[in-house]
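Trainee: I would like to learn how to read the strands, the domain and the chain contacts of a model such as this one. Could we go through them together?

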Number of protein chains: 6
Amino acid sequence: MNTSNAVRAEILTQAVPYIKEYTGKYVVAKYGGNAMTDPQLKKSVMQDILLLQLVGVKVILVHGGGPEISAMLKKLSIESHFENGLRVTDDDTMEVVQMVLAGKVNKSLAADLSALGGKAVGLCGIDGGLIKVHQKNEKLGHVGEIDEINTKILDDLLDGGFIPVISSIGIDDDGTPYNINADTAAAKIAAALHAESMVVMSNINGVLRDKDDENSLISQMSLADAEELKKSGIIAGGMIPKVDCCTNAVKEGVKKVFIINGEIPHAILIELLTDEGLGTMFTK
Amino acid sequence: MNTSNAVRAEILTQAVPYIKEYTGKYVVAKYGGNAMTDPQLKKSVMQDILLLQLVGVKVILVHGGGPEISAMLKKLSIESHFENGLRVTDDDTMEVVQMVLAGKVNKSLAADLSALGGKAVGLCGIDGGLIKVHQKNEKLGHVGEIDEINTKILDDLLDGGFIPVISSIGIDDDGTPYNINADTAAAKIAAALHAESMVVMSNINGVLRDKDDENSLISQMSLADAEELKKSGIIAGGMIPKVDCCTNAVKEGVKKVFIINGEIPHAILIELLTDEGLGTMFTK
Amino acid sequence: MNTSNAVRAEILTQAVPYIKEYTGKYVVAKYGGNAMTDPQLKKSVMQDILLLQLVGVKVILVHGGGPEISAMLKKLSIESHFENGLRVTDDDTMEVVQMVLAGKVNKSLAADLSALGGKAVGLCGIDGGLIKVHQKNEKLGHVGEIDEINTKILDDLLDGGFIPVISSIGIDDDGTPYNINADTAAAKIAAALHAESMVVMSNINGVLRDKDDENSLISQMSLADAEELKKSGIIAGGMIPKVDCCTNAVKEGVKKVFIINGEIPHAILIELLTDEGLGTMFTK
Amino acid sequence: MNTSNAVRAEILTQAVPYIKEYTGKYVVAKYGGNAMTDPQLKKSVMQDILLLQLVGVKVILVHGGGPEISAMLKKLSIESHFENGLRVTDDDTMEVVQMVLAGKVNKSLAADLSALGGKAVGLCGIDGGLIKVHQKNEKLGHVGEIDEINTKILDDLLDGGFIPVISSIGIDDDGTPYNINADTAAAKIAAALHAESMVVMSNINGVLRDKDDENSLISQMSLADAEELKKSGIIAGGMIPKVDCCTNAVKEGVKKVFIINGEIPHAILIELLTDEGLGTMFTK
Amino acid sequence: MNTSNAVRAEILTQAVPYIKEYTGKYVVAKYGGNAMTDPQLKKSVMQDILLLQLVGVKVILVHGGGPEISAMLKKLSIESHFENGLRVTDDDTMEVVQMVLAGKVNKSLAADLSALGGKAVGLCGIDGGLIKVHQKNEKLGHVGEIDEINTKILDDLLDGGFIPVISSIGIDDDGTPYNINADTAAAKIAAALHAESMVVMSNINGVLRDKDDENSLISQMSLADAEELKKSGIIAGGMIPKVDCCTNAVKEGVKKVFIINGEIPHAILIELLTDEGLGTMFTK
Amino acid sequence: MNTSNAVRAEILTQAVPYIKEYTGKYVVAKYGGNAMTDPQLKKSVMQDILLLQLVGVKVILVHGGGPEISAMLKKLSIESHFENGLRVTDDDTMEVVQMVLAGKVNKSLAADLSALGGKAVGLCGIDGGLIKVHQKNEKLGHVGEIDEINTKILDDLLDGGFIPVISSIGIDDDGTPYNINADTAAAKIAAALHAESMVVMSNINGVLRDKDDENSLISQMSLADAEELKKSGIIAGGMIPKVDCCTNAVKEGVKKVFIINGEIPHAILIELLTDEGLGTMFTK
């Protein structure tokens, strides 16, 4: 980039009012999709996370990893089927879910942050009793429904200068692990922390009024608006659970929730630290 | 068990002087072998760890997982060969090592401790830059040699009331993960913490004067003794690196190092909190 | 005792769930009777107190000392008489009460705990304004009624790792000392601390349905039960003030109050850290 | 007193530079003699102690009580004899020493401070292992020689806003109590705290050049001076141990040690907070 | 002064109960008038402030400086006129106000306290956003009305052992400085701190029932009394805003407000630390 | 500026490694010259200071104000003359120096930072005994030589989230104020804090090899280099004291000292947070 250092300095100081808004506050980023597989995008996300931490934001990264799980199940010739969009998770499948999420994806993110000079700690919901769940439905096997988030481990790590990176796995009272939806995990964690903001990175630009028209982005939405748009059918299909997850977070105390397109480099910083609104923002 | 409660109470109070010796001190337990695969033994180890924490010991669990790694490599048809007892670890193998150790074994131990009412946090050397390494030898691939232990994450977790459970994986400055020997990892961590004691659980009773005679156990050994016994050939073969690991820990500041037989239920508690010495103790 | 160390270790781990219930909580033990004069029993109580402290219980010992006071009064030829069970306490008598309780009994207990490796601090209600009283009745002389417990000194000592040992003496606003009932002092202190439990050691097994039948022990009693049993005459005579003292503590916020037989070795540990209920437990 | 309030205010402000010298520092006052038996003098000492605490001095009161002990021994018809100025202390005598010092005198001082609005805590060397001793000489019975002062209990109490009042009783490793010289106890405590000053209240004005001439007071003395005066016989007889005690305190780190006449009202304040030097000051 | 040191010590201890009333509490002193120009009186005020700090009072000094401002305006030939008792403050005038108050008077007070051994920090309402204001009235220029007191800077300085000295200047959200009445500033600061007491030093003895009779001082006044006395015309003219300022402070949470005559040496100490009431005290 | 938000985000993340170098460290900025009089430049400096604070730098601003002092002296018809570059400062002059620096310039800077959302506290060396001096030379009047920097007030303010802004005025033990050179004040403060860096803003680009050729800038200089360049006459005239001040700071423990041209907007940020070196850097 050819930007002169004078311009760089000017840009840095222009971020000051935005930084002041978030410094000392919790921001939960749900990370997934292309942004997690494309190395360039991945690096830009990691940089964003590190900058947020450096300017005093209490930033937490939550991730899933559906495609990696599917790939590993295939390699191990374990068949998988879905019911209502939820993976039926028997013991063998759960073992793979745990290995891939908590062993491969999670620790790789921690390693990436470390390579950039950050201090990250990879956790899943088992650690410190972070995500307590119960079985959703016996037929689905190890699919959990969240009962409780124990934020102490997060605060201890954040106070110590560490960035928590969290796999979407929960644990029940008997110590049995469960697969959980990463969007939901992020939303529940953000709610438990009364986060200033949750940012959901996805492969779309946000909620579109006309799903075939990229220019029809709805840039801001209240809880009432969301209800309206669901009734009118504009929010439909797979978009419904994503929007519900965002509005639930707002209802439970998160101030601002964003759905942004993770394929845009530095989407998190653009959304949080500039005057540009990239995606859809949910507020009360 | 039919012990009367009066006897139970008497036994509890008799443990007081032993507890006082360790309360507030670091104890690092290297966990592996049968004690990790037999469910009964596993439970007894987890109970020991929890009791130690409850009476104020700063207890840290370090584990490897060779057999599980081999099993998973086999399932995935990844061939593995060894050089001088070290697994040649290419990228694919390292991914499996990481998944199995940090994803499966590590989180299962955290889950087991949680089921018994403990609060454990599963880490590997990547987290918080805990174990910094460099490549041992290009031919061995991802086999690391430890440069530095960063204990801050351990102290933060212990202060928060969490039990750190650590997989033997390290990270270099570029964020690349490495396989490391679990005995060595435990010894280096114990040394960095100036631990009161390190307990190495193995499948043998300790160092035997005559390896075919269970009754020839050497119950205590100074650094000088160990040197002598190596020269005289009594410590030989696979026992050499294990003993070296113990004596190195002592040299670097650990007060007492024990090799104990993990197949004895509650071996850790018997060794630390009773007047019985089970295995071999190394001291200066 | 011939118990093997394996059994010892097993017993230790079985105490874990009981320990977890009390760790970090306040337990007030009212100490007296034979348990205070028999050297063997005394040692077993001191061991119990030390173990409780070691496993993180905030333990406080409260004691009286009627027989020792009477003996010293006799030696000094000071006559003593009682009204409604209360010792009429003139200036000379009070001086002896203070010397015997705060000088002899109290410091001996602190010394005993010290000999076992504990750090105890002997106090009476004068110290740090711990027990503020007013004169109950002019005719009784230095007999006090408790107005206020100032727990700061207790928390400061407990935080410093010290076990407070407290003589049942109070002080009024003019600095005059008063004799107070030790059961009441313990109950008021437990109430002021919102203790998890108060244990009253006495010479009986607890409340008996038939006072001549040791097997008629009432092992648990609610506030309503106690009221009922008093009406029906089952709780009668000298048992009434003892039971009132226990029920008052429960009313004022102590979760569980026990009357146990101090002649049973390790009665406190058996009651608190095993599945056996020795005496009578009072709860809401 | 007829002093106008204007003069009072002026006097208060004139104390400022003296107060500044001691605020935040340790001052140990050895209390005894007439100042402890005359009620008027006693009150003036208690007021001095309270004022020192109020202006931020970390003040500690150490006391003996020979005459009270003798009186009680007499009442109990226990005969007492001395060897080289030390009371031969058998078990019965020790019990009386402990009762009188730790039960009567000590708690009365705490009560007096309480009546004036202070918060005092009465301790002896048994409490918190404050004064560890060994037996001086088998023939003397419970006469102890100080090995170690454990100041933690003092700092915990001072930090909590309490004034420690300490009886001159020590404890050995077996929990046996011992009688110790109060001057020595005060000096050892002052030394262990690296006190700014120790004030020894006695019945004399200080060290006199001519013991029959009150005007021959030596107002300041270095360690070398003291050595000289002992050689020349000016310091002689019972004055030798008192002076040795003061010079030892100076040698072990106390900055200034004063022998003052406790019969002068407010002698402590006059010595520490005015420009007048009452007694003899020992410095390096 | 010829007072003997014995009397001095007696006087010091007699101040103890008064000191106890204020130690650890906030006291705000409004300083002005002759007490600020007469060097002798100034020194006595500075001594009073230092003693209060030394005995643990959280003391804060607030000052104005009308005469010095007028003198400097005259030297610079800047004309000044008043409307309803308020100085019309254009930009040039404000610059002089700021220079004289925050540069000259304020720092001189800090220097005086420093010369006496104190540690003072000179502030105005601009520093740390201490006094936030808005413009009272466009015609008056830089005359501000207080919106908010941000006490964090005061607590940080007091915790650090510093005495805050505050010029009566405020700041609006745009960073523009404003002149404010010093009595009002002191009252608002005292209210924000829920001060134990505010002392207003003036050139009169307090509120007089007959303004020409010095002996008609009203020594105590409730809020109701003040209302009554205003209605009856006894409080009239320039006394009205001064009394309103005092009663407002009481209404907003200050426990005791005093108007005292600053021309009496050590008036603050006499009022706060003796049994003499010099001026008029306002309470609820 | 037309920079896209994507570029802005990229630039922000590129600053991360530079920010990491300074976060948690002390940076002292000496501010003066055109940068202090030109409103645009002033704003850019204030923005730089705020950004540094926001990213965790402990930033301190030190300023002089020669031209403003001269202007005010002229308005007040006070004549001023210099000896060896030092203003002869009689009492009247000192009063003006204090008013202009500590009253006008200092508080205006605090107000400017406040308007941008910062929390600044304006101090001079009088406050908290920050800069202790003695008179340099009787003939020069109030010209001080620095003896001691008391950094406690700075750490207290920085810990509280405040930016200290410091006028170059010192105080002697008698409370007399003195004029001091601002470069020297900044250097002494930086040295006392063992600052990571001191930045001296001036009207030149740095040290030039040929003072008439802007392109002859010497971008880095060791202590030895500086000595050499002074000998060879390349550093000469008015540049000598400025360079001495920088090298003294380095000698006394400041890691990096920069002379930069304050007329370049955001010169501080460009120097500290980009890969561009603007001026001359002094290191060991």
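Trainee: In this predicted model, how many bridges join strand 1 of chain D to strand 2 of chain D, and in which sense do the two run?

Mentor: Strands are read as partners when at least two bridges are found between them. Here, strand 1 (residues 26–31) and strand 2 (residues 58–63) of chain D run parallel and are joined by six bridges. Within this pair, D:Tyr31 has D:His63 of strand 2 standing opposite.

Trainee: In what order do the strands of the open sheet of chain D follow one another?

Mentor: The sheet is made of eight strands, in the order 5-8-2-1-11-13-14-12, and the pairing is mixed. Strand 5 (120–124) and strand 12 (220–222) of chain D have a single partner strand each and stand at the edges, so one side of each is left without a neighbour in the sheet. From one strand to the next, the twist averages 20°.

Trainee: Which strands of chain D does helix 7 touch as it packs on the sheet?

Mentor: Helix 7 (residues 152–159) of chain D touches strand 2, strand 5 and strand 8 (163–167), and its direction makes about 145° with that of strand 8.

Trainee: What does the UniProt record place on chain A, and at which residues?

Mentor: The unreviewed UniProt entry places the feature "domain: Aspartate/glutamate/uridylate kinase" at residues 25–261 of chain A. Over these residues chain A is 41% helix and 24% strand, with the end C-alpha atoms 23 Å apart.

Trainee: How should I read the contact between chain A and chain B, and how many residues take part?

Mentor: The size of an interface is often given as the accessible area lost when the parts come together. Counted by residues instead, 34 of chain A are in contact with 34 of chain B. On the chain A side, helix 6 (91–115), strand 5 (120–124) and helix 7 (152–159) each supply at least two residues, and helix 6 gives the most, with 13 residues. By class, that side has 16 nonpolar, eight polar and 10 charged residues. Chain B and chain D, by contrast, are joined by no contact, and their closest C-alpha atoms lie 15 Å apart.

Conventions. Residues are numbered from 1 along each chain as its sequence is written. Chains are lettered from A and ligands numbered from 1 in the order in which they are written. This is a predicted model: local features need pLDDT of at least 70, side-chain atom pairs count only at pLDDT 80 or more; totals for chains, interfaces and linings use all residues. Two residues are in contact if their C-beta atoms, placed from the backbone, lie within 7 Å. Helices (H or I, at least four residues) and strands (E, at least two) are DSSP runs, numbered from the N terminus. Ala, Val, Leu, Ile, Met, Phe, Trp, Tyr, Cys and Pro count as nonpolar, Asp, Glu, Lys and Arg as charged, and the others, Gly among them, as polar. UniProt positions are given in the numbering used here, feature names are shortened, and annotations may be inferred rather than shown by experiment. Axes are lines fitted to C-alpha atoms, for helices over the stretch in contact, and angles run from 0 to 180 degrees between N-to-C directions.
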